[in-house]
Amino acid sequence: MAASASEKRLPSAKRIRLDCFFFCTIMSVESNIVSYANDLNAQTASDRADRIAHIKLSHCVLPLATPVSDAKVLTGRQKPMTEIAFIFCEIQAQSGASGIGFGYSKRAGGPGLFAHAQEIAPAALGEDANDIAKLWTKLMWTGASMGRSGMTSQAISPFDVALWDMKAKRAGLPLAKLLGAHRDSVLCYNTSGGFLHTPLDQVLKNVEISRASGIGGIKLKVGHPDLKVDIQRVSSVRKLLGDGFPLMVDANQQWDRISATRACRALEEYDLTWIEEPLDAMDFEGHGQLAQRFDTPIATGEMLTSFNEHAQLIEAGTDFIQPDAPRVGGISPFLQIMQLADYKGRMLAPHFAMEIHLHLSAAYPRESWLEHFEWLAPLFNEQLTLKNGRMHLPNRPGLGFTLSEQALAWTRSSVEFGKRP
Ligand SMILES: [Mg+2]
């Protein structure tokens, strides 16, 4: 190769030294690359761990604009709901990767959930944030003296959801895509317009508003002491919606087996998508029998707080299962429930927390239903898109949510563990 003009001007001894310098430099760079590649080959997964450095837990109380009543209030079991307690968990790993998750409690339980989460949080510090299964088990055993369901599992949910959010963010994918989605949008129905405390004329107005917003189905609460009142409300809403528009009812565990049988029979003619919680939530056998007996599908499962309880319900034969990720211990047990439910041919309609369940429903093999509540909207900076009866997956990595200023304003207390990286 011909020497460049600048090289030609150099005396030959100098040119040899320069050639030697470039050769050595190139060899050194090559040797570093080979050594780096060898180092990578020699690295174990443990060497690449991204340890949890910092955890922030917050107790935030969301006020409801109007006290809300379902059948449990009519029977005197509960008081009208005026607020919802949220436990937010923000986790940061050493690399700076972060995730956010939440659990919640309606009426009582918020302070207890917050206290239990604080007790188990130190067990997560220093663990690899990618080892979600190991972390879930560790957090469960840290509080296992309290049992493996109820508050114990619900207190794990904010951590588990935050870790899945972090993993999806690290991959640069919406959570549903990380899990392996079956669809980019999910059928969506509204619950908040049809509570028992709402007069029928207002229910009908709410139905019109919901339908105009692009909702795909309407759920109406039932369980009045006189079944005729329920039938009149269902009949009026069906008439307004017309044949074919998806309509569900929810009895919130109001009936015993005899009254549930009568109600299910009377409701058969309204072509309902499902009848929800006709019986006590723990009466798995009774729900299975109703599902066998009537054409209208039976749905239940929102009150269950573990994989084991859901496994019993799925075995008993209800048509729709309605798990709630924050109640069952997070996304990890929810995924196990999904696998079993699909194997057994059950339909999925998760309860509440649509910000999490949109991703999980999109990853279920069978077309599922998402429950729409606008109540949680003020907690987040980002909003979901409802169009043509379906809620659409956001294109943001992870769950796709950040906490709003309003959520911070409603935060009553927060506690931090570890050090920010
Ligand atoms: Mg319900």
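**Entry 1: Lys-72**

I started with Lys-72, and I found that it touches Arg-77, Gln-78, Asn-252 and Gln-253, leaving out residues up to four places away in sequence. By contact I mean two residues whose C-beta atoms, placed from the backbone, lie within 7 Å. A note to myself: this is a predicted model, where local features need pLDDT of at least 70 and side-chain atom pairs count only at pLDDT 80 or more, while totals for chains, interfaces and linings use all residues. I number residues from 1 along each chain as its sequence is written.

I placed Lys-72 in helix α3. Helices (H or I, at least four residues) and strands (E, at least two) are DSSP runs, numbered from the N terminus. The cut-offs are 20 or more other C-beta atoms within 10 Å for buried, 12 or fewer for exposed, and partly exposed in between, with C-beta atoms placed from the backbone. I also noted Ala-251, 179 residues from Lys-72 in sequence but 8.8 Å away in space, C-alpha to C-alpha.

**Entry 2: domains**

I looked up the domain assignment, which gives domain 1 (1-30), domain 2 (52-172 + 408-418) and domain 3 (175-400). Such bounds come from an automatic or database assignment. The C-alpha centres of domains 2 and 3 are 23 Å apart, and 34 residues of domain 2 are in contact with 30 of domain 3. On the domain 2 side, β1 (52-68), α3 (71-74), β3 (98-106), α5 (132-142) and α6 (151-171) each give two or more residues. Helix α6 gives the most to that side, with 12 residues.

**Entry 3: the core**

Next I checked the largest nonpolar core, which has 106 residues. Such a core is a set of buried Ala, Val, Leu, Ile, Met, Phe, Trp, Tyr and Cys residues joined through C-beta atoms within 7 Å. Again α6 gives the most, here with 9 residues. Domain 2 and domain 3 each supply at least three residues to this core. Leu-163 is among the residues with the most contacts inside it, and I found Leu-163 touching Ile-91, Gly-99, Ala-129, Ile-132 and Leu-135, not counting residues up to four places away in sequence.

**Entry 4: helix α4**

Which residues of α4 (residues 110-120) are buried? I listed Gly-110, Leu-113, Phe-114, His-116 and Ala-117. Down the axis, the buried residues of α4 fall within an arc of 165°, so they line one face of the helix. The arc is taken from the directions from the helix axis to the C-beta atoms. Their cover includes β1, β2 (81-93), β3 and α6.
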